[in-house]
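The sequence and structure are shown first.

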Amino acid sequence: MRKQIVAGNWKMNNDVKETKSLLKNINKGIKKMSLKNKKVIVAPSFTNLNTAISVTKNSKIKVAAQNMNAAKNGAFTGEVSANMLKSLKVKTVILGHSERRAYFGENDAVLKEKVDSALAQNMKIIFCFGEELSDRKDNNHFKLVESQIKNGLFHLPESAWKRIVLAYEPVWAIGTGETASPEQAQEMHAFIRKTLSEQYTPELAENISILYGGSVKPANAKEIFSKADVDGGLIGGAALKADDFLAIIAAL
Ligand code: PEP
């Protein structure tokens, strides 16, 4: 049975004090919820990971990083390795977010290296991908998504996939207030599952969690999550307010 997940990507937001306060409020709300077969993840910036790990020590919240470098160590000023994350007890990393792809030149080849490096350190990965508006207008969105998954992940053996969660995030819906309709999300998620089934096995395709990301809010979460192939969400803006994030978790 695949896991239902809500993951909050905080991006470059929150200092230490705000991290503590937001997590304490999320923690308080989560204590009252039954999270059977559900997982809650937050991804603060590198500087707040240590704080986040200590504040969530006895809670149901898991902490992920937003990025990592593929290299083990060395002369890469400003970068953070998988090993460093693991030493903080951070076991999950988001890779391939559209902002990393667009602003930091992370193409499929770079991401493939990062995927291999994270897996070599036994980390779990939330692998993001999604089309630009122009791809959708050109009716190229299925092909584009297929190529992003293929180039980043299809070199992996079947056994590696138990460490991977997919996040379909149409770029035109991220931070724009414009959400893919539940039907558009379902259509793409079903396509992704079909692609995985053809490349690997129907079992693998059936068991992988596929999250939707792009302007998910308390008001639209339930309808999006109700779709058969949507297993939760990767949340940006709405993950920065405890009440909104909790309402989205409750919608799972
Ligand atoms: C994201 O950045 O992953 C995201 C989905 O952002 P938002 O929810 O703000 O659209």
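How are α5 and α7 oriented to each other? The model is predicted, and the answer below is computed from its atoms.

**Helix packing**

Two packed helices are described by the angle between their axes and the distance between the axes. Helix α5, residues 108-120, packs with α7 at an angle of about 45°, and their axes are 8 Å apart. An angle under 35 degrees would count as roughly parallel, and 65 to 115 as roughly perpendicular; α5 and α7 are therefore oblique to each other. The crossing of α5 past α7 is right-handed. On the α5 side the contact is made by D108, K112 and V115, and on the α7 side by S147, Q148, N151, G152 and L153. Sorted by class, the residues in this contact are two nonpolar, four polar and two charged.

Helix α7 (residues 141-153) also meets helix α8 (residues 182-199): their axes come within 11 Å and cross at roughly 45°. α7 and α8 are therefore oblique to each other, and their crossing is right-handed. Here α7 contributes H141, F142, V145, E146 and I149, while α8 contributes E187, M188, F191, I192 and T195. The contact of α7 with α8 comprises six nonpolar, two polar and two charged residues.

**Nonpolar cores**

In soluble globular proteins, nonpolar side chains tend to be buried together. The largest nonpolar core in this model has 70 residues, and the members that touch the most others are W161, L166, I192, L196 and F225. I192 is also one of the α8 residues in the contact with α7. Leaving aside residues up to four places away in sequence, L196 touches F154, W161, L166, T201, L204, A205 and I208. Another core lies apart from the largest one; it has twelve residues, including A43, A64, I126 and V165.

**Single residues**

Four residues are set out below by relative accessible area.

| Residue | Relative accessible area | Class |
|---|---|---|
| K89 | 60% | exposed |
| N139 | 58% | exposed |
| K241 | 54% | exposed |
| V55 | 18% | buried |

Most residues other than glycine have a negative phi. What is the phi of K89? K89 has a positive phi of about 75° although it is not a glycine. This residue lies in the loop between α3 (82-87) and β4 (92-95). N139, also not a glycine, has a positive phi of about 60°. N139 is in the loop between α6 (133-137) and α7.

K241 sits in the loop between β8 (232-235) and α11 (242-250). Along the chain K241 and I5 are 236 residues apart, and their C-alpha atoms are separated by 18 Å.

Is V55 buried or exposed? Buried means under 20% relative accessible area, and V55 has 18%, so V55 is buried. V55 belongs to helix α2 (residues 49-55). Not counting residues up to four places away in sequence, V55 touches K20, L23, K24 and N27. From V55 to A102 the separation is 47 residues in sequence and 32 Å in space, C-alpha to C-alpha.

Key. Residues are numbered from 1 along each chain as its sequence is written. This is a predicted model: local features need pLDDT of at least 70, side-chain atom pairs count only at pLDDT 80 or more; totals for chains, interfaces and linings use all residues. Side-chain values use heavy atoms; hydrogens and water are left out. Axes are lines fitted to C-alpha atoms, for helices over the stretch in contact, and angles run from 0 to 180 degrees between N-to-C directions. Helices (H or I, at least four residues) and strands (E, at least two) are DSSP runs, numbered from the N terminus. Angles under 35 degrees count as roughly parallel, over 145 as roughly antiparallel, 65 to 115 as roughly perpendicular and the rest as oblique. A crossing is left-handed if the near helix is turned anticlockwise from the far one by less than a right angle, and right-handed if clockwise. Contact means heavy atoms within 4.5 Å. Ala, Val, Leu, Ile, Met, Phe, Trp, Tyr, Cys and Pro count as nonpolar, Asp, Glu, Lys and Arg as charged, and the others, Gly among them, as polar. A nonpolar core is a set of buried Ala, Val, Leu, Ile, Met, Phe, Trp, Tyr and Cys residues joined through side-chain atoms within 4.5 Å. Buried means under 20% relative accessible area, exposed over 50%, partly exposed in between (1.4 Å probe, protein chains only).
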